[in-house]
Amino acid sequence: FGVSSMQGWRKSMEDAEICSTEFDDDPNAVLCGVFDGHNGKEVALYLAEHVPATLISTKEYKTAAYSEALRESLLAIDAAILADWPQSLQKYVDAPERFHALGKDA
């Protein structure tokens with residue numbers, strides 16, 4: 001697989017992505033995602049770091065209801081960000097412009 005991106009008109013890259021082969025130790029599963037920063041990189045970086053672990057921790061994922069598992073994961077991550085606002089995103093403020101979570105179970 002490959003990953004490519006384009007910064008566009010912004011001064012810096014605000015997107016983040018994940019591409020995890022053999023996701024959750026399953027040789028037939030791949031998790032890929034692109035998170036658009038929309039005027040800031042912090043939430044996109046947070047998502048790239050937290051989606052994989054949050055996804056596999058849901059009861060929906062464990063019962064192979066993958067669409068619902070993704071929905072529940074994103075809602076849980078949103079709640080986690082807001083519960084510790086703004087500290088939850090502080091470590092991403094000075095993070096590199098790009099965050100790559102590439103590889104097996106990134």
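Colleague: How many aromatic pairs does the ring rule count?
Modeller: This is a predicted model: local features need pLDDT of at least 70, side-chain atom pairs count only at pLDDT 80 or more, while totals for chains, interfaces and linings use all residues. Residues are numbered from 1 along each chain as its sequence is written, and side-chain values use heavy atoms, with hydrogens and water left out. Rings of Phe, Tyr and Trp (its six-membered ring) pair if their centres lie within 6.5 Å; planes under 30 degrees apart are stacked, over 60 edge-to-face, the rest tilted. By this rule the count is three.

Colleague: Why is the pair of Phe23 and Tyr61 put in its class?
Modeller: The ring centres of Phe23 and Tyr61 are 6.0 Å apart. Their planes stand at 85 degrees, so the pair is edge-to-face.

Colleague: How many residues apart are Phe23 and Tyr61?
Modeller: Helices (H or I, at least four residues) and strands (E, at least two) are DSSP runs, numbered from the N terminus. Phe23 sits in the loop between β1 (16–21) and β2 (30–35), and Tyr61 in helix α2 (residues 59–62). The pair links distant parts of the chain, with a separation of 38 residues.

Colleague: Are Phe23 and Tyr61 buried or exposed?
Modeller: Buried means under 20% relative accessible area, exposed over 50%, partly exposed in between (1.4 Å probe, protein chains only). By that cut-off, both Phe23 and Tyr61 are buried.

Colleague: Which residues of the largest nonpolar core touch the most other members?
Modeller: A nonpolar core is a set of buried Ala, Val, Leu, Ile, Met, Phe, Trp, Tyr and Cys residues joined through side-chain atoms within 4.5 Å. The largest one has 19 residues. Those touching the most other members are Phe35 and Val51.

Colleague: Which element supplies the largest share of this core?
Modeller: β1, β2, α1 (42–56) and α3 (66–83) each supply at least two residues. The largest share is seven residues, and it comes from α1.

Colleague: Where does α1 bend?
Modeller: The bend at a residue is the angle between axes fitted to the seven residues ending there and the seven starting there. In α1 this comes to about 45 degrees. A proline, Pro52, follows within four residues of the bend, which is at His50.
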